[in-house]
Amino acid sequence: MDGLSPTAARRGEACAALLREVRAIAASDGITAASLDRFKALLIGLAARPELFPDSEFPMPEAQGRNHMLDPAADDGLGFYLTIGLPGKEAAPHDHGIWCVNAALSGREVQRFYRRTDDGGRPGFATIEQIDELTLEPGTAMAMADHDIHSTLVTGDRPMCALALYGYALTRFPSVVYYHPQFNSMRTLPSRRGAAVRG
Amino acid sequence: MSAVTFKVRIDNTGATIDCARDSTILTAAVLAGVKFPYACATGNCATCICELRAGSVELLPHGDGALSARQKAAGLTLACRAQPRSDLEVHWLGEPLAG
């Protein structure tokens with residue numbers, strides 16, 4: 001832990017402990033709704049320790065959105081980040097292809113969940129409908145399975161800071177599929193896994 | 001939709017489209033039938049990154065990784081986040097993605 005602030009060292013230990021628990025749950029139970037719920041509880045617990053995540057060690061975005069890696073030792077395993085979005089920052093409905101769990105540290109973000117309503121038979125065409133919505137704020141978390149579809153929008157007048165745990169590191173994601181109801185379209189962003197593995 | 005519209009010339013195709021002040025270049029282009037490259041359409045992936053060859057825009061919120069301050073200074077913009085503030089000329093740099 002040479003060169004780390006005492007806070008960063010404590011944070012590193014706390015994150016490593018959480019990831020050990022996540023890996024143990026995944027190894028024993030697999031990735032199920034129940035295990036995702038347990039991950040949520042772990043993330044809410046860590047997010048309840050804001051002293052580990054001081055603003056001074058997590059610079060704000062230059063624009064409106066930024067991700068800080070919390071687990072630099074990750075290779076092809078879990079991705080664990082502190083994400084920051086300024087008010088108005090959004091993401092259109094998308095399917096990561098991999099599960100994720102988010103827990104709020106501060107701020108507020110509206111998460112909407114969707115299901116696809118077309119048969120997938122026309123390339124580039126898709127229709128979706130909203131099936132759920134929640135507001136992520138301190139003390140709350142959300143979890144998504146591998147191919148769930150969600151959109152995000154930071155609301156209010158404060159930055160939204162959250163802990164975000166994914167089944168892969170962001171640079172190694174499977175392809176991400178975005179859905180655009182205003183165009184009745186979908187677009188697939190190619191996977192970055194190949195490039196990441198090649199280095 | 002805003003009553004104020006601007007002309008946007010898309011150099012890749014030669015098309016000139018109307019774009020309302022409160023619309024984005026991408027939305028106006030796609031609705032006009034232009035095959036503008038895009039994926040997230042919310043300022044996160046940079047698939048719609050383009051050169052702003054003439055005119056001025058205002059950007060909606062976007063991620064640091066999609067458009068840096070240096071890229072902005074070099075005249076690049078994100079069609080999915082850029083709302084026109086004058087007539088524009090743009091040239092997209094990406095490749096259209098499959099559905």
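How many helices and strands does chain B have?

## Chain B: elements and size

In this predicted model, chain B contains 2 helices and 7 strands. Read from the N terminus, its elements follow the order β-β-α-β-β-α-β-β-β.

Along the principal axes, the C-alpha atoms of chain B fill a box of roughly 30 × 30 × 25 Å. Of its 99 residues, 42% count as buried. Among contacts in chain B with a separation of 6 or more, 57% come from residues 24 or more positions apart.

## Chain A: helix α1

Helix α1 of chain A covers residues 6–29, 24 residues in total. The distance from its first C-alpha to its last is 35 Å, close to the 34 Å expected at 1.5 Å a residue. Just after α1(A), Gly30(A) has a positive phi of about 75 degrees.

Four names make up the buried set of α1(A): Arg11(A), Cys15(A), Leu18(A) and Val22(A). The cover over these buried residues includes α2 (33–47), β2 (79–85) and β9 (160–166) of chain A.

## Chain A: the open sheet

An open sheet in chain A is formed by 6 strands in the order β6-β5-β8-β3-β10-β11, with antiparallel pairing. Its edge strands, β6 (128–136) and β11 (185–189), each pair on one side only. From one strand to the next, the twist averages 30 degrees.

Within this sheet, β5 (residues 108–116) and β8 (residues 149–155) of chain A run antiparallel and are joined by 7 bridges. One bridge links Glu109(A) to its partner Val154(A) in β8(A).

Key: Residues numbered from 1 in each chain as written. Chains lettered and ligands numbered in written order. Predicted model: local features only at pLDDT ≥ 70, side-chain atom pairs only at ≥ 80, totals over all residues. Expected span 1.5 Å × (residues − 1). Buried ≥ 20, exposed ≤ 12 C-beta atoms within 10 Å, placed from the backbone. Contact = placed C-beta atoms within 7 Å. Pairing = 2+ DSSP bridges. Axes fitted to C-alpha atoms, helices over the stretch in contact; angles between N-to-C directions.
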